Amino acid sequence: QVQLVESGGDLVQPGGSLRLSCAASGSIFSIYAMGWYRQALGMERELVAVIRSGGSPNYADSVKGRFTISRDNAKNTVYLEMNSLKPEDTAVYYCSADLRSTWARGEYWGQGTKVTVSS
């Protein structure tokens, strides 16, 4: 069994910062990529940032220069540092992991953490 648990979502004023965390646990053999997606109310889920093993991070154009994704391989944890937040960043943020468990390779998702940017 594999679980992804996010934390760090909150209400923040425009221009503020937040740091999201996502820890993967369970019978994990190898993690190939971890990323963050978000879904605003009434919108489709969209990729925010992804970091692959041995590769450079990729970002959505809308967050480039403001968000930074990083990963702690020893802890199977991915972070999303969000700066200069805007109201349009308001969404539920989901963590995903492309990993191989002891049974099979697949994509796993967290339950989501809510980020609200508002004055």
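Q: Where is S84 found?
A: S84 is found in the loop between β8 and β9. Strands here are DSSP runs of E with at least two residues, and helices are runs of H or I with at least four, numbered from the N terminus. This is a predicted model, in which local features need pLDDT of at least 70, side-chain atom pairs count only at pLDDT 80 or more, and totals for chains, interfaces and linings use all residues. Residues are numbered from 1 along each chain as its sequence is written, and side-chain values use heavy atoms, with hydrogens and water left out.

Q: What is the phi of S84?
A: S84 has a positive phi of about 50 degrees, although it is not a glycine. At 40% relative accessibility, S84 counts as partly exposed. Buried means under 20% relative accessible area, exposed means over 50%, and partly exposed lies in between (1.4 Å probe, protein chains only).

Q: And what about N76, where is it found?
A: N76 is in the loop between β7 (67–72) and β8 (77–82). Its phi is positive, about 50 degrees, and N76 is not a glycine. With 24% relative accessibility, N76 is partly exposed.

Q: Changing topic: how many helices and strands are in the chain?
A: The chain has zero helices and 11 strands. Its radius of gyration is 14 Å, close to the 14 Å that the globule rule gives for 119 residues, so the chain is as compact as a globular protein of that length. The radius is taken over C-alpha atoms, and the rule is 2.2 Å times the number of residues to the power 0.38.

Q: How many disulfides does the whole structure hold?
A: The search finds one disulfide, defined as a pair of cysteine sulfur atoms within 2.5 Å. C22 is joined to C95, with an S to S distance of 2.1 Å. C22 lies in strand β3 (residues 18–26) and C95 in strand β9 (residues 91–101), so the pair ties together parts that are 73 residues apart in sequence.

Q: Are C22 and C95 buried or exposed?
A: Both C22 and C95 are buried. The link between them is left-handed, with -75 degrees about the S-S bond.

Q: Which ring does the charged end of R45 sit over?
A: The charged end of R45 sits over the ring of Y94, 3.8 Å from its centre. A charge sits over a ring if NZ of Lys or CZ of Arg is within 6 Å of the ring centre and within 35 degrees of the ring normal.

Q: What does R105 lie over?
A: R105 lies over the face of Y32, at 3.8 Å from the ring centre.
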